[in-house]
Amino acid sequence: MSLYYESSGNGSRNICFVHGFTQTGKSWIEAANSIGDATNTFIDAPDHGESQGTSLTLQESGDAIAKIAHGMVLIGYSMGARMALHAALQHPQSLTGLVLVSGTPGIEDMAERTSRVQSDDALAQHIESVGTLVFIEEWIRQPLFAKSE
């Protein structure tokens, strides 16, 4: 139940990053480089990047991430934020801080949750029909990911 990760820098602040869906730990490098005096650790989430073939439940992901991020501030984006939240809830003494970017603990309302499951199933079918590479190109063309010049 081990995830791939790599670290860089030798600063006094220890920060661990978990990326969003279709990304990898490398997605955080530019943002991490803007933080001074830090040692940064970048995790590839289950079935992403170098963690391909490592399938974990949300709870197992929380355990694996908490083990890697022990003694660090944990930062997660979107899907990574959900996993980071589980790491913090399951191992509250393990982390020195938590930053969640665009993440939620989940949908409580059953009708909304059912709708989201249907939407996610349709998205999964689309990914299977067009392939991962085409889907990633579609995904990153969304305005949310546009770089401002």
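Me: Is F17 buried or exposed?

Reply: This is a predicted model. Buried means under 20% relative accessible area. F17 has 1% relative accessibility, so F17 counts as buried.

Me: How do I read an aromatic pair?

Reply: Use the distance of the ring centres and the angle of the planes. This structure holds five aromatic pairs. One of them joins F17 and W28. Their centres lie 5.0 Å apart, with 40 degrees between the planes, and the pair is tilted.

Me: Where do F17 and W28 sit in the chain?

Reply: F17 is in strand β2. W28 is in the loop between β2 and α1 (29–33). They are 11 residues apart, and the pair links distant parts of the chain. W28 is buried, with a relative accessible area of 13%. Ring pairs also bring in F42: F17, W28 and F42 form a cluster.

Me: Why is the pair of F21 and F135 tilted?

Reply: Planes under 30 degrees apart count as stacked, over 60 as edge-to-face, and the rest as tilted. The planes of F21 and F135 stand at 55 degrees, so the pair is tilted. The ring centres are 6.0 Å apart. F21 lies in the loop between β2 and α1, F135 in helix α5 (residues 132–140), 114 residues apart. F21 is partly exposed at 33% relative accessibility, whereas F135 is buried at 3%.

Me: Which residues of α3 are buried?

Reply: Among them are G80, M83, L85 and H86. The cover over the buried residues of α3 includes β2 (13–18), α2 (58–68), β4 (73–77) and β5 (97–101).

How values were computed. Residues numbered from 1 in each chain as written. Predicted model: local features only at pLDDT ≥ 70, side-chain atom pairs only at ≥ 80, totals over all residues. Heavy atoms only, no water. Buried < 20%, exposed > 50% of the residue type's maximum accessible area, 1.4 Å probe, protein only. Helix = DSSP H or I, 4+ residues; strand = E, 2+ residues; numbered from the N terminus. Contact = heavy atoms within 4.5 Å. Phe/Tyr/Trp six-rings, centres within 6.5 Å; stacked < 30°, edge-to-face > 60°.
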